[in-house]
Amino acid sequence: MAKNHWLVKSEPESYSWAALVKEGRAAWTGIRNFQARNNLRAMKNGDLVFFYHSVSEKQVVGFAKVEEQAYPDPTAKEGDWVCVDLVPVRAMKKPVGLDAIKADKVLKEMPLLRNSRLSVMPLTEPQARRLLELAETKV
């Protein structure tokens with residue numbers, strides 16, 4: 001597995017996993033939260049990034065990898081904001097829903113459950129492995 005693991009959240013009505021797959025690469029722009037920005041800055045090329053559909057679906061639907069490390073966000077009109085480029089790797093064979101995450105002893109400590117408004121968050125290696133197990137998906 002990659003050396004660092006992350007989870008990014010997006011409302012599927014705004015930007016979905018299917019859109020990322022169709023485009024083949026996307027700049028993860030528009031992050032205006034300092035903690036999420038710092039997480040973007042910590043991402044390295046090749047890191048594994050789980051893609052979570054928030055609001056309407058509430059499930060991890062696929063995973064991508066970091067293709068380009070943090071660089072200035074072209075959508076920012078002011079401030080010190082960054083983005084990264086993500087490329088899709090694989091859809092989850094079985095999406096992992098929020099209820100399954102809450103019920104799992106390994107996943108219940110994910111930042112997703114402690115800080116639900118954070119859109120870019122780190123995962124531990126055991127959490128990443130467990131998500132893949134539940135999704136019946138390999139890297």
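This note goes through the aromatic contacts of a predicted model.

1. Local features in this predicted model need pLDDT of at least 70 and side-chain atom pairs count only at pLDDT 80 or more, while totals for chains, interfaces and linings use all residues. Residues are numbered from 1 along each chain as its sequence is written, and side-chain values use heavy atoms, with hydrogens and water left out.

2. Five aromatic pairs are found in a search of the whole structure, where rings of Phe, Tyr and Trp (its six-membered ring) pair if their centres lie within 6.5 Å, and planes under 30 degrees apart count as stacked, over 60 as edge-to-face and the rest as tilted. Trp-28 and Phe-51 are edge-to-face, because their ring centres are 5.6 Å apart and their planes stand at 80 degrees.

3. Since Trp-28 lies in the loop between strand 2 (26-27) and helix 2 (34-42) and Phe-51 in strand 3 (residues 48-53), this pair ties together parts 23 residues apart in sequence; helices (H or I, at least four residues) and strands (E, at least two) are DSSP runs, numbered from the N terminus. Both Trp-28 and Phe-51 are buried, that is, under 20% relative accessible area with a 1.4 Å probe and protein chains only.

4. Phe-50 and Phe-63 make a tilted pair, with 6.1 Å from centre to centre and 50 degrees between the planes. Phe-50 belongs to strand 3 and Phe-63 to strand 4 (residues 59-72), so that the pair links distant parts of the chain, 13 residues apart. Phe-50 is buried at a relative accessible area of 0%, and Phe-63 is buried at 0% relative accessibility.

5. One aromatic cluster is formed by Tyr-15, Trp-17, Trp-28 and Phe-51.

Note on methods
Buried means under 20% relative accessible area, exposed over 50%, partly exposed in between (1.4 Å probe, protein chains only).
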